[in-house]
Amino acid sequence: MFGLRNIKCLYLKSIRRIKGFLLSDKSREFLIFLFFYFIASAFWLLQTLNNDYETEFSIPVRLRGVPDNVMLTTEPPAEIKIKVKDKGTVLLNYMLGKSFLPITLNFPLSKTTSSRVKVNWAEIEKQVTGQLGASTRLLAVNPDTLEYYFSTGKSKKIPVRLIGKLTPARQYYIADTLFSPDSVLVYAPPFILDTLTAAYTQRLNLTGMTDTLIHHISLSKVKGAKFVPDQLNMVLPIDLYTEKTVEVPVRGINFPADKVLRTFPSKVQLTFQVGVSRFKSINADDFVLNVSYEELLHLGGKDKYAVKIKSVPRGASHVRIYPPAVDFLIEQATVYEY
């Protein structure tokens with residue numbers, strides 16, 4: 001009860017002080033100053049708004065009447081920018097009170113052989129100026145030409161290709177490039193569709209990679225074409241290089257039945273770089289060191305053959321051969337008659 005009485009007294013005391021201040025001579029002088037200040041500000045604002053200004057507005061663009069069997073491969077812009085000039089009061093009305101109606105584009109109902117529709121400047125200007133006041137001058141429209149491409153079901157499947165520069169860290173390498181999905185459907189007019197052989201990603205530049213990269217990446221746009229899907233997942237497995245050595249025999253092929261090849265040594269050592277993940281899966285049987293009878297005859301009597309690798313398994317690189325050349329002898333085979 002005591003607390004409520006104190007609050008009431010404090011409230012009444014504050015009211016008396018405020019009332020006393022408002023009825024004082026100093027308060028009346030301050031209020032008169034504020035009145036004339038607002039009057040002067042209003043006149044200044046009206047005078048300022050009476051001048052000419054330039055500004056930009058955005059107007060949305062809508063395309064209607066698109067048939068169900070039509071795929072828009074490149075849509076018109078979602079909006080256009082208009083630059084206008086008028087008195088400040090008119091421009092203020094546009095900003096605060098007036099909303100612009102969308103620019104409406106009607107899909108051509110008549111059958112056309114072209115897959116590109118271009119809307120000329122006159123049609124755009126007519127729809128824009130119809131929404132402006134008589135005193136407003138239209139200075140510019142950006143873009144001043146609207147166009148879009150469409151396809152009537154023409155499509156094909158093309159592979160995805162990576163664009164960019166990927167540099168793994170020292171002693172690391174990119175084991176593969178995996179896309180999910182690895183191919184996409186592209187819809188486009190025939191004259192564009194025939195030129196597309198692959199869908200390329202947006203440029204990706206990475207350096208110093210030491211771990212597998214999982215990345216969500218978009219495809220680069222092609223004017224007049226639409227990719228489905230236009231975004232995909234990419235996996236770049238990063239592996240660490242190591243070295244492995246195997247012994248591979250040198251074998252002769254296409255030899256006559258009565259001839260046989262002897263090499264010294266009969267096997268050579270192949271030392272190569274391979275990723276840790278593939279170290280156990282690559283062995284000597286994956287390499288081919290065949291030499292043909294005709295190849296040895298072309299040596300012109302020489303008894304040394306520089307070993308050449310005919311087949312290298314995927315994942316092996318920087319292969320070194322020791323010894324790089326072997327001695328050989330073509331012997332007469334023993335033929336047994338029964």
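R262 and E331 make a salt bridge in this predicted model, their closest N and O atoms sitting 3.0 Å apart. (The term covers a side-chain nitrogen of Lys or Arg within 4 Å of a carboxyl oxygen of Asp or Glu.) Since R262 belongs to strand β20 and E331 to strand β25, the contact ties together parts that are 69 residues apart in sequence. Strands here are DSSP runs of E with at least two residues, numbered from the N terminus. R262 comes out as partly exposed at 40% relative accessibility, and E331 is partly exposed too, with a relative accessible area of 28%. As for the cut-offs, buried is under 20% relative accessible area, exposed is over 50%, and partly exposed falls in between (1.4 Å probe, protein chains only).

β20 (residues 259–264) and β25 (residues 325–332) run antiparallel and share six bridges; for strands to count as paired, DSSP has to find at least two bridges between them. Within this pairing, T263 faces F328 of β25. β25 has another antiparallel neighbour in β23 (residues 304–306), to which three bridges join it. There, Y305 sits opposite V326 of β25.

Because the model is predicted, local features need pLDDT of at least 70 and side-chain atom pairs count only at pLDDT 80 or more, while totals for chains, interfaces and linings use all residues, and side-chain values rest on heavy atoms, with hydrogens and water left out.

Searching the whole structure turns up eleven salt bridges. One of them pairs K83 with E54, with 3.6 Å between the closest N and O atoms. K83 is in strand β3 (residues 79–87) and E54 in strand β1 (residues 52–64), so this contact ties together parts that are 29 residues apart in sequence. K83 is partly exposed, its relative accessible area being 32%, and for E54, likewise partly exposed, the value is 48%.

R320 and E243 form a further salt bridge, at 3.0 Å from N to O. This one links distant parts of the chain, with R320 in strand β24 (residues 317–322) and E243 in strand β18 (residues 238–249), 77 residues apart. R320 has a relative accessible area of 44%, which makes it partly exposed, and E243 is put in that class by its 42%.

Key. Residues numbered from 1 in each chain as written. Helix = DSSP H or I, 4+ residues; strand = E, 2+ residues; numbered from the N terminus.
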